[in-house]
Amino acid sequence: MGALPTLLLVFSIFRISIAVDTIALNQVVRDGEILTSAGGSFELGFFSPDDSNRRYLGIWYKKVSTMTVVWVANREIPLNDSSGVLKVTDQGTLAILNGSNTNILWSSNSSRSARNPTAQLLDSGNLVMKDGNDDNPENFLWQSFDYPCNTLLPGMKLGRNTVTGLDRYLSAWKSVDDPSKGNFTYRLDPSGYPQLILRKGSAVTFRSGPWNGLRFSGFPELGSNPVYTYEFVFNEKEMYFRYELVNSSVVSRLVLNPDGSKQRVNWIDRTHGWILYSSAPMDSCDSYALCGVYGSCNINRSPKCECMEGFVPKFPNDWDMADWSNGCVRSTPLGCQNGEGFVKFSGVKLPDTRNSWFNRSMDLKECAAVCLSNCSCTAYTNLDIRDGGSGCLLWFGDLIDIREFNENGQELYVRMAASELGRSGNFKGKKREWVIVGSVSSLGIILLCLLLTLYLLKKKKLRKKGTMGYNLEGGQKEDVELPLFDFATVSKATNHFSIHNKLGEGGFGLVYKGTLQEEQEIAVKRLSKNSGQGLNEFKNEVIYISKLQHRNLVRLLGGCIHDEEKMLIYEYMPNKSLDSFIFDKTRSMELDWNKRFLIINGIARGLLYLHQDSRLRIIHRDLKADNVLLDEEMTPKISDFGIARSFGGNETEANTKRVVGTYGYMSPEYAIDGLYSTKSDVFSFGVLVLEIVSGKRNRGFSHPDHSLNLLGHAWTLYMEGRSMELIDSSVGDIHNLSQVLRLINVGLLCVQCGPDERPSMSSVVLMLSSDSTLPQPKEPGFFTGRGSTSSSGNQGPFSGNGITITMFDGR
Ligand code: ACK
């Protein structure tokens, strides 16, 4: 085998073709030698993408005259001379060695050991490691098709194996002559109903929409055709997309270019070269969320963006100046009231499904009924459009990234307020229909009003009403109508604030137990005098909690102002706080698995209400076991809104210089950058889930074998398939182990380092109530304990105490 000339030509190879496609144990392919697949379609060898001396091991087409590389092994670590050698090792792996010093530069992994490891370049372009002559793909030790670079060849899977966690996705080259990973990725996103998402870094630039049985909703051209067949598989074990060629002599590939365009191209001949078959994004309407929420894009219209019927621009001035990013808001807001129904929009690309839920067996009618019965559900449609349609796809939260197609668009049923349903309208020439799903008899409504009036009258008799005026953030004055108790009543109820009535110390002062004359038990929070910060938290609590009502939020009964004294009166929770149960050796035995599961579900629902369904849309910012109270039936109630914040319609994140929260529950982006969003609450919820399952506190967690905190410990066990070991021994018999394991999985998803990687609370609620496949969590944020140096976040300032802390910018 000859030596390589010192001068390497652009994308050309000094070739000594080996007439074989296979190398066995300890055999090598040296730089300059080439393996050829049996049918002569592909070659493997070392190449340089430009006239530099960077050498990569790659696979390219043999019959395509323009050198076209489809896979690169050592894309991040090129050799800088021609000493490279590819070798089959006795560990059953493939390794690239730097010939001069036998350093391993790159290596494949192997699922198991093999007696006779052999590497073979298949005619599909797949480089496989197998044991001897075992050609069964199920038994391959490793295959390059599992580690795609920028090219999807026919037969390759784009998607995940949810059992092993293997995620096959495309990543673009940095530039045309640099195969190292660039900015763009194209990946099957497992949140909600899966869809392919093109990202630049972490920002979404394009999505395919969900698979509808025939094609991805955003690829109207992807239908039955004489060139390709398509397959989308989504089951308990895997989810992937792949295509095959009808005529195998066609040379076709799907490539993600360094500029972020995804193209399907076919080789014609030397004169015509690669011809474009399809491309995405195909036009500006494909730019993710161009028209914002509830905006719809039509490429044949000027301007392209319009609000959907029943919606108006959120900021009309910006909208008129073609800044559509803030999208649209409802002309009539939803209130989850009777009479709401759906409007059918036809010919659209379905909105982003990352906040969706699905069921394969429901029909469209059942789908509508389920959507209507859940106040957070905003739209629905059939999951599969074949044979008249089947299955159910539901959206939660705002609808985004919708466009209209001339053909092969889909139907979408969007929830509308009752008053919007009667209006006639047109959705750009397409039929808009009213779909009235539920109706409540007028007798029922009258009865309901009567009961409500009676209840209000009774309440009025009991207490006198007062109004407190407080300033919300941003200076806007908020009048809060709150029943006022007189001081003498409260003082008497609490035995004049006797030390024996003291329940503990809450966010802004002492908490006492009291009993009113009518035998009603109450809890009284008394603002400590001269507490500056306490006063703000007191006001905050009054403003928020007086406006909220949910089964899983603690109920405020009233307030009391007397000279300098300020008090809040709540319903009494006989079982006190969750932390007094789960972290207590004896009391934790009272919490069997079923109770814990119900508690977690209740907290999730309370939080979902705060984030999505409540009028104010609130981020709690201090969710922890101490702030979850339990009533006599052990129903969890989220409490302590002293540092909660409200956020506007489309606003999803905010920044503060004053970081307030509790060690062990704070998300990395909040603790480090002061960035808070609903996803910081999701992080705290995840910590809480893992604490409830394990009976251990995240902060102060210690383990003899490592210095990880509870999150790191849970993740390590999960990765080793030993999640069962996390479960608190006090829970007793477990009848539904898969439910516990599912919860641990959900908990770990909630504590992912990046906010975008965490599910929304609506997804969490769905994950808890369905059997859908869950994504595999990656390593959590803040997963190392004290005394350790490595962490995906900075654990530095955090130490163990359970008190809500405040950190200013100089922290
Ligand atoms: O764990 P605990 O006994 O339950 O100690 C804390 C303490 O006051 C400070 O928050 C208890 N607490 C707060 N609100 C209530 C309530 N509404 N009912 C009963 N106990 C309460 C809490």
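A cavity is a set of points, on a 1 Å grid over the protein atoms alone, where a 1.4 Å probe fits but cannot get out, and its lining residues have an atom within 4 Å of a point. This is a predicted model, in which local features need pLDDT of at least 70, side-chain atom pairs count only at pLDDT 80 or more, and totals for chains, interfaces and linings use all residues. Residues are numbered from 1 along each chain as its sequence is written, and side-chain values use heavy atoms, with hydrogens and water left out.

Figure 1. The structure holds five cavities of 30 Å³ or more. The volume of the largest cavity is about 70 Å³, where a volume is the space filled by probe spheres set on the grid points, which are joined across faces, edges and corners. Its lining includes Tyr186, Phe216, Phe219 and Phe241, together with Leu196, Leu222, Leu254 and Ser278. Glu221, Lys262 and Arg264 also belong to this lining. By class, seven of the lining residues are nonpolar, one is polar and three are charged. Here Ala, Val, Leu, Ile, Met, Phe, Trp, Tyr, Cys and Pro count as nonpolar, Asp, Glu, Lys and Arg as charged, and the others, Gly among them, as polar.

Figure 2. Strands (E, at least two residues) and helices (H or I, at least four) are DSSP runs, numbered from the N terminus.

Figure 3. A polar contact is a pair of N or O atoms within 3.5 Å. One nitrogen atom of the ligand lies 3.0 Å from a backbone N or O atom of glutamate 571. For methionine 573, a backbone N or O atom is 2.8 Å from a nitrogen atom of the ligand. The side chain of serine 577 has an N or O atom 2.4 Å from an oxygen atom of the ligand. Taken alone, the ligand exposes 450 Å², and the protein buries 85% of that; accessible areas come from the Shrake-Rupley method with a 1.4 Å probe.

Figure 4. Strand 21 is joined to strand 22 (residues 238-245) by seven bridges. Within this pair, valine 233 has tyrosine 240 as its bridge partner.

**Figure 5. A hairpin.** Strand 17 (residues 170-175) and strand 18 (residues 178-189) are antiparallel and share four bridges. Two residues lie between them in the hairpin. Serine 175 has aspartate 178 of strand 18 as its bridge partner.

**Figure 6. Backbone exceptions in loops.** Most residues other than glycine have a negative phi, and most peptide bonds are trans. The bond from alanine 280 to proline 281 is cis, with omega near -10 degrees; proline 281 is in the loop between strand 25 (274-280) and strand 26 (295-297). Another cis peptide bond runs from serine 302 to proline 303, with omega near -5 degrees. Proline 303 is in the loop between strand 26 and strand 27 (305-307). Alanine 322, although not a glycine, has a positive phi of about 65 degrees.

Note on methods:
1 Å grid on protein atoms, 1.4 Å probe; cavity = no way out; pocket = protein on both sides within 12 Å on 5 of 7 lines; lining within 4 Å. Polar contact = N/O pair within 3.5 Å; in protein donor to acceptor, adjacent residues only side chain to side chain. Pairing = 2+ DSSP bridges.
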